[in-house]
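Subject: Structure handover

Hello,

Please find the structure below, followed by notes on what was found in it.

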Amino acid sequence: MRVLGIDFTSAPRRRKPITCVDCELKDDLLIVRSLIEWADFDGFEGALQEPGPWIAGIDLPFGQASRFIETIGWPKCWADYVATHTVLDELISGRRSMVSYNATEG
């Protein structure tokens with residue numbers, strides 16, 4: 001089975017490409033075949049369209065840029081950052097529920 005380990009970046013470029021370790025799983029042994037770097041989305045999208053079977057593990061950037069976090073005053077500690085997002089999600093969901101309720105009762 002082909003296994004791809006991908007370190008994703010939302011802004012790939014030559015100096016910071018999307019990086020992929022292309023491996024093969026044989027029985028219980030993972031064999032590294034090559035290291036691939038994509039400086040743009042075209043190479044990455046091309047790899048996703050290759051015929052299988054294959055599986056990919058992708059490290060996606062779930063956070064925000066440090067400068068953005070500092071500018072808006074969000075917590076720097078991961079647990080506090082996640083808690084802030086949870087509260088925001090609950091507020092947004094509650095607002096949607098109220099808008100939906102008002103639309104049906106209107």
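Strand β1 (2-7) runs parallel to strand β4 (residues 54-59), and six bridges join the two. Helices (H or I, at least four residues) and strands (E, at least two) are DSSP runs, numbered from the N terminus, and two strands pair if DSSP finds at least two bridges between them. β1 also pairs with β2, in the antiparallel sense, over six bridges. R2 has a bridge partner on each side: W54 in β4 and E24 in β2.

Before the rest, some notes on the source. This is a predicted model, in which local features need pLDDT of at least 70 and side-chain atom pairs count only at pLDDT 80 or more, while totals for chains, interfaces and linings use all residues. Residues are numbered from 1 along each chain as its sequence is written, and side-chain values use heavy atoms, with hydrogens and water left out.

Buried here means under 20% relative accessible area, exposed over 50%, and partly exposed in between (1.4 Å probe, protein chains only).

The largest nonpolar core has eight residues: L4, I6, F8, I18, C20, W38, F44 and A47. Two or more of them come from each of β1 (2-7), β2 (18-26) and α1 (41-48). Such a core is a set of buried Ala, Val, Leu, Ile, Met, Phe, Trp, Tyr and Cys residues joined through side-chain atoms within 4.5 Å. Within it, F44 touches I6, F8, I18 and W38, not counting residues up to four places away in sequence; contact means heavy atoms within 4.5 Å.

F8 lies in the loop between β1 and β2 and counts as buried, at 18% relative accessibility. Leaving aside neighbours within four places in sequence, its contacts include I18, F41, I58 and P61. F8 and I18 are ten residues apart in sequence and 5.0 Å apart, C-alpha to C-alpha.

D27, in the loop between β2 and β3 (29-38), is exposed at 78% relative accessibility. Its C-alpha is 9.2 Å from that of M1, with the two 26 residues apart in sequence.

Regards
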